[in-house]
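Dear colleague,

Please find the structure handed over below. My notes on it follow, beginning with a pair of charged side chains.

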Amino acid sequence: SACFGFVECGLVQPVNKAELYSPPGSTVPNLVKLAPDDVVLLAANNQIILLPNRGTITAAAGVPIMAEVPRRALAFTPELIVIKIDGQDQHQLKYDAKTEVYYAVFTAPATGAHRLTLEVTYTNKQFDAVLLNFSSLASGSITGEGGDPLSGVVITLTREDSILFPGEIFGQANPLVTNVNGTFVWMVKNGAYTVRLLKDGYYERVVPGVVVTNNVINGSFSLIKKPPLLTDGINPNASFGDNFKTISSNALLIGQAKVTRGAQFLKDQADDPAVEKAATRVVAPASISVVAVGTLPFISFADVVPLMRFLFLQPLMLLQPRKRSKWGQVYNALTKLPVDLATVRLINNATGRVIQSKVTDAKGRYAFVIDPGEYRLEVVKNNVIFPSILLKNFKIDGSKLDIYHGELVTVNAEQAIITANIPLDPADGGNLPKRFYVQKLVRQTQSIVAWVGLGATLISLYISPRWYVWALLGLHLTLTFLFHRLSRVPKVKGWGIMYDANTKQPVAQAVARLFSSQFNKLVGTQITDRKGRYYFLAGESQYFVTGEHRAYRTEKSHVVDLKGKSEDTVAVNLGLSKAGSSILTDQRPSESETISNPTKNSLSKFGDTGYALPPSEQKIG
């Protein structure tokens, strides 16, 4: 016990003497033999009963331990009772007539595993013995930078109910101050505690949720030294360069300290059982629930099965020996853009049975390799009409040949490829502006919730890496993937701008509508952002844009001709005049002019859409 409280005690290699000593066998009948539960070990001013944890009784090395055996537990009148530590250190038990127990006080041995034996010699020459596994633990340590021990650290222990641990009742100090070796230890009742560490020149550290299952608090904690102030070390007589170096060095130290302290705080919180419990039972499931509620309404489950089929089954087409050189395409009859995740079925005309089915990729492509016969095609996709009514009399649509409307397909050659282009009409002409406002806001909110929820799930996994948290993370990633895959927005190639024709300022929350000039039908609707920006993605056809706002007159753009082009952005700059104003605002090019492919956002060209306004109107930020 002389070295108790010094770091050297903790540096002693653990000694395992559990197999070095075995007492003589008992001679008393089994019915009256002593059991391990008959021996009671007390510590901390005899206020704490040391209970075995996984068959081993634990205490801090060097602390006083009292061993007690009740008189009623003995089979006969004892002549001698001793407790031995590893068969060497022997202590005789005395009898207390008042409490009717035999007792002895000994010091917990050096760190490591030990064997305690209680041996009883009865007056009738009978002998009995009981074995106890005992483990002595080293003191805890407080260190600073580089692992150097810190003296003078004030350590305060608080119980789970936020009440100060009453150290004086248990013969211990609380708070206590570390010695030159930076060591500390408490013998406590099992439970959860909070450790608070405080030292001048160092950041305070609070470690919650220190769970004790072996009656000993002896953790190893480190403190982060406070960095110098930004202005520390500045010399008024020094050069500007020297003072700048000093400030830069101080700033670097401050940044490093903040990062280290933040990481330490996260670790302390992650180790808190209450936080871990909340993360596994509340945060992770709640984040999944929130993401599911926010995501599922926007996922078209009619597209989920085709997506799964496309991901897991359709790659088997790559194993076919014949290399495919041509594809058919399913596309939107108005926008001319490809339709992905549409299910294309090949039906035998004679039997009406589905022979093959394919799911279109992101470019709307599909193909069938078939034998001679008569077939017809059928396309299944949510919110579209097949066959197309708009193009029912068309055999060619721009550069797309072989337009299919549900006709009979006769195949005479072996291993022929069916690659017809299939237009689909949208089921509705677009959303009403009010509904579109709400959808835009909800989608933005959902995207934020999805990423925040993913972050919450990752934090929960860091705190408690259990299998079901991994499963929740997998579910979260699946929902996020489904949402982004099934409701993704095309990549922006450029912007058009709605602006006030008088002030030249952007008009936010204006309704931009794209119409097909060929069919005079609504193709899509957009709401301008706070900078008045909008865009539409369309394919080879002719279009025009209208701009609407409750405070302005409705304006119509020139015709944008995309014939002969691949998919492009329709982004026309459109000036809106106030309702009742007589100002001439339509300074657009003639309808014979076409829009170029915008590749950057130019202030002078309002998104580089192919024409520039007069210099007097080039004021929009």
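Glu-407 and Lys-395 form a salt bridge in which the closest N and O atoms are 3.8 Å apart; the term denotes a side-chain nitrogen of Lys or Arg within 4 Å of a carboxyl oxygen of Asp or Glu. Both Glu-407 and Lys-395 belong to the loop between S27 and S28, 12 residues apart. Strands here are DSSP runs of E with at least two residues, numbered from the N terminus. Glu-407 is partly exposed at 28% relative accessibility, and Lys-395 is exposed at 57%. For these words the limits are under 20% relative accessible area for buried, over 50% for exposed, and partly exposed in between, with a 1.4 Å probe and protein chains only.

The model is predicted, so to speak of local features a pLDDT of at least 70 is needed, side-chain atom pairs count only at pLDDT 80 or more, and totals for chains, interfaces and linings use all residues. Residues are numbered from 1 along each chain as its sequence is written, and side-chain values use heavy atoms, with hydrogens and water left out.

Confidence

The protein chain has a mean pLDDT of 77, and 69% of its residues reach 70 or more; pLDDT is the predictor's confidence in each residue, from 0 to 100. Over residues 10-15 the pLDDT stays under 50, and the model has nine contacts for them beyond four places in sequence. Residues 310-325 also have a pLDDT below 50, with 14 contacts in the model beyond near neighbours in sequence. A contact means heavy atoms within 4.5 Å.

Other salt bridges

In the whole structure, a search finds 10 salt bridges. One of them joins Lys-336 to Asp-397, with the closest N and O atoms 2.9 Å apart. Lys-336 lies in the loop between S21 and S22, and Asp-397 in the loop between strand S27 (384-385) and S28, so the pair ties together parts that are 61 residues apart in sequence. Lys-336 is buried, with a relative accessible area of 5%, and Asp-397 is likewise buried, at 5%.

The side chains of Arg-159 and Asp-161 also meet in a salt bridge, at 2.9 Å from N to O. Arg-159 counts as partly exposed at 30% relative accessibility, as does Asp-161 at 44%.

Sheets and strand pairing

Strands of a sheet pair through backbone hydrogen bonds, either parallel or antiparallel. Two strands are taken as paired if DSSP finds at least two bridges between them.

An open sheet of four strands has the order S14-S13-S17-S18, with antiparallel pairing. Strand S14 (176-177) and strand S18 (205-212) stand at its edges with a single partner strand each, so one side of each has no neighbour in the sheet. Two bridges pair S14 with strand S13 (residues 154-159) in the antiparallel sense, and Val-177 in S14 is the bridge partner of Val-154.

Another open sheet consists of three strands in the order S15-S12-S20, and its pairing is mixed. Its edges are strand S15 (183-184) and strand S20 (220-222); each has a single partner strand, so one side of each is left without a neighbour in the sheet. Strand S12 (residues 140-143) pairs with S15 over two bridges in the antiparallel sense, with Phe-184 in S15 as the bridge partner of Gly-140.

Strand S22 (residues 343-348) and strand S26 (residues 373-380) run antiparallel and are joined by six bridges; Ile-347 stands opposite Arg-376 in S26. S26 also pairs with strand S28 (residues 409-411), antiparallel and over three bridges, where Tyr-375 is opposite Val-409 in S28.

Two buried residues

Which strand holds Gln-329? Gln-329 is found in strand S21 (residues 328-332) and counts as buried at 19% relative accessibility. A polar atom of the Gln-329 side chain lies 3.1 Å from the backbone oxygen of Lys-363. Beyond neighbours within four places in sequence, the contacts of Gln-329 include Pro-338, Tyr-366, Lys-400 and Ile-422.

Leu-424, in strand S30 (residues 422-426), is buried with a relative accessible area of 1%. Leaving aside neighbours within four places in sequence, Leu-424 is in contact with several residues, among them Val-330, Tyr-331, Val-339, Val-379 and Phe-386. The C-alpha atoms of Leu-424 and His-405 are separated by 9.4 Å, the two residues being 19 apart along the chain.

With kind regards

How values were computed:
Polar contact = N/O pair within 3.5 Å; in protein donor to acceptor, adjacent residues only side chain to side chain.
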